[in-house]
Amino acid sequence: MSGFNQSKMAGAEPGLMPEQRSAIPMAVPAVSRIPVMHDDPERATMVFHVRYTLSEYSGFMWEHAGYLIRRRRLGALRTYLMLLKTTGSAALHFAAAGRGKIDYEFTIDDHGIVRSCARGVTLISWDDVIRIRRYRRGYLMVLKRGTLPIPYRCLGDAERAGMERYAEMLKVAAQAGQA
């Protein structure tokens with residue numbers, strides 16, 4: 001039985017001293033970093049705020065689902081029906097989760113992405129980002145598990161240039177990984 005986080009171990013005698021514990025050597029993984037292509041190691045951190053609308057979120061999901069479904073070559077009718085189903089379920093989930101009422105703050109730098117809101121903080125390392133896709137409404141970060149839409153309306157010129165730079169870096173890293 002472990003005595004961790006307990007004031008006294010069950011069955012222990014009051015006069016005995018607790019056993020001394022030594023540190024266990026562990027291999028710590030290297031910090032995940034995106035490959036640096038530019039000679040400016042002190043790039044500015046991008047910070048911006050997002051409050052999604054239902055139509056905007058549905059637009060992202062419609063375009064991304066369309067891309068994924070068309071790759072499967074199901075035919076026009078089946079593709080359209082699957083688009084309706086997937087986008088409709090995403091819109092219902094958006095409304096049920098109350099995401100349209102939440103203000104998100106994004107912080108993006110070479111270490112990863114931090115998304116914070118009243119419900120908590122999400123940390124995403126660059127190892128979890130598969131690709132950054134460009135759609136009509138904005139960027140969509142395709143993660144190992146899910147997606148993260150970033151509307152153009154929330155980004156200034158510097159942030160858009162930064163997103164383009166990160167998209168290019170991910171593309172180069174993916175090509176280097178395949179070689």
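Buried here means under 20% relative accessible area, and that cut-off is what puts a residue on the buried list of helix 1 in this predicted model.

**View 1. Helix 1 and what it packs against.** Helix 1 covers residues 54-70. Its buried residues are Glu-56, Tyr-57, Ser-58, Gly-59, Phe-60, Met-61, Glu-63, His-64, Ala-65, Gly-66 and Ile-69. That buried set packs against helix 2, along with strand 5 (129-134), strand 6 (138-143) and strand 7 (146-151).

**View 2. The whole chain, for orientation.** Zooming out for a moment, the protein chain has three helices and seven strands, and from the N terminus on they run β-α-α-β-β-β-β-β-β-α. Of the 179 residues, 34% are buried. If you count contacts with a separation of 6 or more, 57% of them come from residues 24 or more positions apart. The chain exposes about 12,300 Å², with carbon and sulfur atoms supplying 56% of that area.

View 3. Glu-56 counts as buried because its relative accessibility is 7%.

**View 4. Asp-103 and Arg-51, a loop-to-loop pair.** The closest N and O atoms of this salt bridge are 2.8 Å apart. Here, too, distant parts of the chain are linked: Asp-103 is in the loop between helix 2 and strand 2 (104-109), Arg-51 is in the loop between strand 1 (46-50) and helix 1, and 52 residues separate them. Both partners are partly exposed, since Asp-103 has a relative accessible area of 47% and Arg-51 comes in at 41% relative accessibility.

**View 5. Glu-164 and Arg-134, helix 3 to strand 5.** The side chains of Glu-164 and Arg-134 meet in a salt bridge at 2.9 Å, N to O. Glu-164 belongs to helix 3 and Arg-134 to strand 5, so the pair ties together parts 30 residues apart in sequence. Glu-164 is partly exposed, with a relative accessible area of 31%, and Arg-134 is partly exposed as well, at 42% relative accessibility. In total, the count for the model is three salt bridges.

View 6. Ser-116 is found in strand 3 (residues 112-117). Is this serine buried or exposed? At 18% relative accessibility it counts as buried, because the cut-off is under 20%. Leaving out residues up to four places away in sequence, Ser-116 touches Asp-103, Tyr-104, Glu-105 and Val-121. Asp-103 is also the salt-bridge partner of Arg-51.

**View 7. A nonpolar patch on the surface.** Trp-62, Leu-77, Tyr-80, Leu-81 and Leu-84 make up this patch, and together they have about 510 Å² of accessible area. Which element gives the most to the patch? Helix 2 (residues 76-97) does, with four residues. Leu-77 lies in helix 2 and counts as exposed, because its relative accessibility is 62%.

Technical notes:
Residues numbered from 1 in each chain as written. Predicted model: local features only at pLDDT ≥ 70, side-chain atom pairs only at ≥ 80, totals over all residues. Heavy atoms only, no water. Helix = DSSP H or I, 4+ residues; strand = E, 2+ residues; numbered from the N terminus. Buried < 20%, exposed > 50% of the residue type's maximum accessible area, 1.4 Å probe, protein only. Contact = heavy atoms within 4.5 Å. Patch = residues over 30% accessible without salt bridge, like charges linked within 9 Å, V, L, I, M, F, W, Y side chains within 5 Å. Areas by Shrake-Rupley, 256 points an atom, 1.4 Å probe, with all protein chains shown as cover. Salt bridge = Lys/Arg side-chain N within 4 Å of Asp/Glu carboxyl O. Expected span 1.5 Å × (residues − 1).
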